[in-house]
Amino acid sequence: AALPLALQVRLVMKAHSFIRENVPRVLSSVKDKSGTVPIPRISQYLYFLFAPTLIYRDNYPRNPTIRWGYVATKFAQVLGSLFYAYYIFVRLCIPQFRNSSQETFNLRGLVLCIFNSILPGVLILFLVFFAFLHCWLNAFAEMLRFADRMFYK
């Protein structure tokens with residue numbers, strides 16, 4: 001349920017950015033009664049939907065080539081992160097709750113289960129953030145030749 005909600009929020013933010021950038025241009029060209037209305041092409045909008053940015057522009061800086069080795073490395077890191085998160089979950093989280101399901105309920109046992117799962121849960125959260133925000137988005141940025149990710153260089 002959280003992933004579809006996150007995707008919907010991302011699409012709403014991208015739609016807001018697209019409308020906020022284009023409506024003033026269209027309205028000013030209509031007000032000036034100029035012959036051409038600057039409507040973006042569908043290809044520009046589709047590129048914006050997949051680009052790792054929330055700010056719409058008609059054109060983004062682009063790299064000349066795609067480094068396929070870099071893309072493969074990032075996807076391998078995503079898979080490695082997911083397998084490691086699965087390993088942590090199976091080895092450290094599930095045994096805590098499996099043992100508690102066989103006992104009668106008490107507050108002390110519940111608190112111990114939760115506290116014993118905090119550190120593995122935080123580690124899994126860091127792995128998921130690394131896998132998605134760093135590896136996945138950088139792999140797609142490279143495949144789209146999106147050069148704006150080098151902003152701070």
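Modeller: Domain bounds here come from an automatic or database domain assignment. This is a predicted model: local features need pLDDT of at least 70, side-chain atom pairs count only at pLDDT 80 or more, and totals for chains, interfaces and linings use all residues. Residues are numbered from 1 along each chain as its sequence is written, and side-chain values use heavy atoms, with hydrogens and water left out.

Biologist: Which domains does the assignment give?

Modeller: Domain 1 (1-60) and domain 2 (61-152). Their C-alpha centres lie 31 Å apart.

Biologist: How much area do domain 1 and domain 2 bury between them?

Modeller: About 660 Å², 76% of it on carbon and sulfur atoms. Buried area is the accessible area (1.4 Å probe) that two parts lose on being put together, summed over both.

Biologist: Which residues in domain 1 lose the most area to domain 2?

Modeller: Tyr47, Pro52 and Tyr60, together 81% of what that side buries.

Biologist: And what does Tyr47 contact, leaving aside neighbours within four places in sequence?

Modeller: Tyr60, Arg62, Leu144, Arg145 and Phe146. Contact means heavy atoms within 4.5 Å.

Biologist: How many salt bridges does the rule find across the interface?

Modeller: Zero between domain 1 and domain 2. The rule wants a side-chain nitrogen of Lys or Arg within 4 Å of a carboxyl oxygen of Asp or Glu.

Biologist: New topic. Where does UniProt place the "transmembrane region" feature?

Modeller: The unreviewed entry puts it at residues 68-89 and 109-137. Such annotations may be inferred rather than shown by experiment.

Biologist: Helix or strand over residues 68-89?

Modeller: 100% helix and 0% strand, with end C-alpha atoms 31 Å apart. Helices (H or I, at least four residues) and strands (E, at least two) are DSSP runs.
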